[in-house]
2 protein chains.
Amino acid sequence: MKDFFRDPAPVAEQSLPKGFKFASTACGLKKSGKPDLALITSDSAAVAAAVFTTNRVKAAPVLVSQEHIKESGGVARAIIANSGNANCATGAKGIATSRATAAAVARELRCPQNQVLVCSTGVIGLPLETDKLLSAVPSLVTSQSGTAATYESAARAIMTTDARPKWATASYRTGGKEVRLLGCAKGAGMIHPQMATMLAFVVTDATLTCRFAAHLLRDITARTFNTVSVDGDTSTNDTLILLANGASGAQPVRSGRPDLQRFTRALESVCCALALAIVSDGEGASHVAEIEVRGAPSDHIAARIARTIALSPLVKTAIAGADPNWGRILAAAGAASLPQGLSFDTSRAEIRLAGITVCRHAQAHPFDESAAHQKMLERHVPILVDFKSGRGRATVWTSDFTEEYVRINASYRS
Amino acid sequence: MKDFFRDPAPVAEQSLPKGFKFASTACGLKKSGKPDLALITSDSAAVAAAVFTTNRVKAAPVLVSQEHIKESGGVARAIIANSGNANCATGAKGIATSRATAAAVARELRCPQNQVLVCSTGVIGLPLETDKLLSAVPSLVTSQSGTAATYESAARAIMTTDARPKWATASYRTGGKEVRLLGCAKGAGMIHPQMATMLAFVVTDATLTCRFAAHLLRDITARTFNTVSVDGDTSTNDTLILLANGASGAQPVRSGRPDLQRFTRALESVCCALALAIVSDGEGASHVAEIEVRGAPSDHIAARIARTIALSPLVKTAIAGADPNWGRILAAAGAASLPQGLSFDTSRAEIRLAGITVCRHAQAHPFDESAAHQKMLERHVPILVDFKSGRGRATVWTSDFTEEYVRINASYRS
């Protein structure tokens with residue numbers, strides 16, 4: 001909680017999962033000349049699971065990576081990711097570029113092309129300069145190494161409007177073996193829960209089966225990445241990939257085994273840390289709001305309401321101004337579109353803003369305005385809405401809406 | 001179209017419907033001391049139809065007015081509306097205040113209490129000072145008059161963060177009689193299509209039946225007020241009221257009669273003008289975007305997509321920056337949540353931005369960036385998305401997202 005709005009602690013060498021290498025370079029896609037190409041490889045074929053965007057408009061690398069995961073049966077050697085260009089809305093040429101990039105990496109690694117996953121992030125609709133990418137691949141592969149410094153550089157190479165790099169680690173011991181997880185992510189705009197948000201890559205030397213990995217990743221995504229929202233915009237490129245190469249030598253993680261809980265907890269902590277890092281690096285964000293809805297008729301209804309509050313520009317601007325304007329929260333809660341017949345009585349609603357009760361029985365509850373304002377100046381603003389109408393609950397994390405958000409997005413391409 | 005961002009032309013005396021009077025005053029609800037109470041009365045009992053907010057959290061005046069319309073069978077003598085306080089989330093006391101206000105007006109007019117409709121707009125959650133309201137009513141009623149100047153003052157008295165007053169007129173001749181319509185509205189924030197938006201009052205001396213008026217108003221709301229969006233926030237107080245007193249002496253407007261089309265067209269033109277005035281007065285707005293979706297599998301799908309584009313903060317900030325960033329429009333279109341099984345192929349999508357084709361077959365179409373930027377500096381920005389996948393079409397109007405929007409809303413109450 002204290003780490004919002006700060007760079008993550010450096011990656012310790014001993015927290016690197018075994019059997020992975022990393023590399024990055026500036027291949028010229030970013031006008032700034034900053035690094036824009038990252039590579040993550042596993043020394044051996046790793047179990048690969050992924051969650052992709054739900055947007056009907058899918059970028060070329062999403063289509064190609066979906067195809068590769070399917071063809072390979074959930075096995076991969078490498079992830080190659082570029083920033084600076086999303087390779088989206090680029091038609092057949094864009095698909096060809098993503099395929100050629102995977103092929104170039106596969107050639108260097110001497111593995112099947114479908115064991116290379118491809119990701120892109122950046123501006124939509126500009127042709128991706130294939131030559132720049134392809135000519136950078138051989139030296140990128142040669143330069144790989146398994147050090148924390150190269151990992152951190154790779155995590156920085158996928159940044160676009162991100163102010164800070166994002167990574168997280170976790171580990172546990174089992175049967176005398178150490179199992180490690182290491183994840184990185186990018187994402188500062190077009191961030192919204194209805195999907196696997198942004199780019200995020202988690203590597204682990206745990207031993208997993210393909211089916212189990214796919215199932216677990218979907219499950220954890222729902223509880224982590226899908227509970228954050230920056231702007232409600234669902235990107236065309238969002239991809240979360242998990243690679244598990246078994247190099248720890250630990251027993252396979254499977255249902256019914258004692259390691260299941262340990263691994264699940266470790267993966268969830270990495271995904272959760274990355275998801276929160278994305279929110280606190282939301283474009284122009286000055287606050288992170290944790291919106292908890294309780295006492296709704298069901299978890300599903302609680303989630304709908306929490307998301308509607310998190311998307312409300314009026315709520316998000318009030319948070320930016322540290323304004324304890326709970327009326328906007330109540331109005332947004334009431335506006336959430338619920339499936340027919342699932343409406344319910346909101347007259348018992350209670351609202352706590354930054355720990356201060358501001359509304360009871362859906363009416364003003366006397367509070368010290370200036371004390372509330374002071375509390376809301378803190379960067380983490382917890383908001384609790386309790387409908388006292390059931391056991392349904394949900395939490396959504398969101399950033400606030402600042403003038404800086406508008407400045408960033410009104411001039412992104414110019 | 002040319003009149004965006006300007007005050008409306010003064011109301012001409014001859015465009016006032018017969019048999020209505022108006023009044024306004026400053027009763028002390030607004031800290032600024034500006035007028036905050038408006039009264040519209042019909043000399044005789046008028047047919048009254050209304051559309052109210054769909055928000056589950058409904059303000060006291062909405063609940064009371066809904067009750068009155070029901071009890072009276074759709075007949076009213078007066079509308080009393082205050083600004084400066086929404087009388088929402090104020091519990092039983094708030095309801096009592098709205099009832100007492102209606103009763104005070106009814107007493108002066110010597111009509112049943114349920115023939116007075118009550119509206120409030122302003123901050124949510126503060127108790128409405130009943131005494132100030134009630135003590136202002138007698139002199140308010142005494143001061144009424146049927147002049148254009150008093151009407152304009154009344155229209156100004158319902159403003160909150162509105163930069164400009166909003167009114168519109170229409171008329172037509174039938175059987176030697178002149179029928180007139182006159183409408184006013186307020187609304188600059190919490191404006192979103194899923195409802196009858198904001199406060200709007202239309203009075204006419206046409207002769208209507210109650211059932212017909214209610215049906216027609218719902219119908220026209222769908223085509224006018226429900227196609228505009230400022231911020232996607234659905235207010236707790238939104239109310240649109242139509243009063244028709246028959247004072248023109250014209251034949252009743254009914255289905256099957258030749259006047260039906262004339263009256264419908266006139267009412268639609270007034271509602272449309274008011275709806276567009278609300279968008280162009282959106283908080284901080286510098287542009288009005290007209291988002292037209294064509295070639296969708298159905299009108300319903302086209303409307304969902306048009307609304308998703310209109311709500312996208314990334315699209316709205318690009319419009320503020322006059323940035324021809326069509327990729328965000330395509331991404332927002334792809335993100336629209338459609339009922340299961342209603343997804344469709346978006347690969348034929350064509351986008352025209354301010355008249356310039358920027359995307360064909362869902363890919364970049366070469367265009368002159370600086371020419372497009374110049375065109376987008378104009379205050380009306382038409383955006384056309386044609387999916388070439390059917391005959392479904394819809395249009396939504398929205399304002400852009402500017403730094404000024406954030407400034408207004410991050411400091412509203414402080």
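In the predicted model, Val406(A), Asn409(A) and Ala410(A) of helix α11(A) meet Leu314(B), Thr317(B), Ala318(B) and Ala320(B) of helix α8(B), two residues being in contact if their C-beta atoms, placed from the backbone, lie within 7 Å. By class, this contact of α11(A) with α8(B) has 5 nonpolar, 2 polar and no charged residues (Ala, Val, Leu, Ile, Met, Phe, Trp, Tyr, Cys and Pro count as nonpolar, Asp, Glu, Lys and Arg as charged, and the others, Gly among them, as polar). Helix α11 (residues 403-410) of chain A and helix α8 (residues 313-320) of chain B pack at an angle of about 70 degrees, with axes 8 Å apart. They are therefore roughly perpendicular to each other (65 to 115 degrees). Axes are lines fitted to C-alpha atoms, for helices over the stretch in contact, and angles run from 0 to 180 degrees between N-to-C directions. Helices (H or I, at least four residues) and strands (E, at least two) are DSSP runs, numbered from the N terminus.

Across the interface, 54 residues of chain A are in contact with 54 residues of chain B. The largest share of the chain A side, 8 residues, comes from α9(A). By class, that side has 24 nonpolar, 23 polar and 7 charged residues.

Chain A can be laid on chain B with an RMSD of 0.0 Å by a turn of 180 degrees and a shift of 0.0 Å along the axis, by least squares on the C-alpha atoms of residues with pLDDT of at least 70 in both. The two copies are thus related as by a two-fold rotation axis.

Residues are numbered from 1 along each chain as its sequence is written, and chains are lettered from A and ligands numbered from 1 in the order in which they are written. In this predicted model, local features need pLDDT of at least 70 and side-chain atom pairs count only at pLDDT 80 or more, whereas totals for chains, interfaces and linings use all residues.

Definitions and conventions: Angles under 35 degrees count as roughly parallel, over 145 as roughly antiparallel, 65 to 115 as roughly perpendicular and the rest as oblique.
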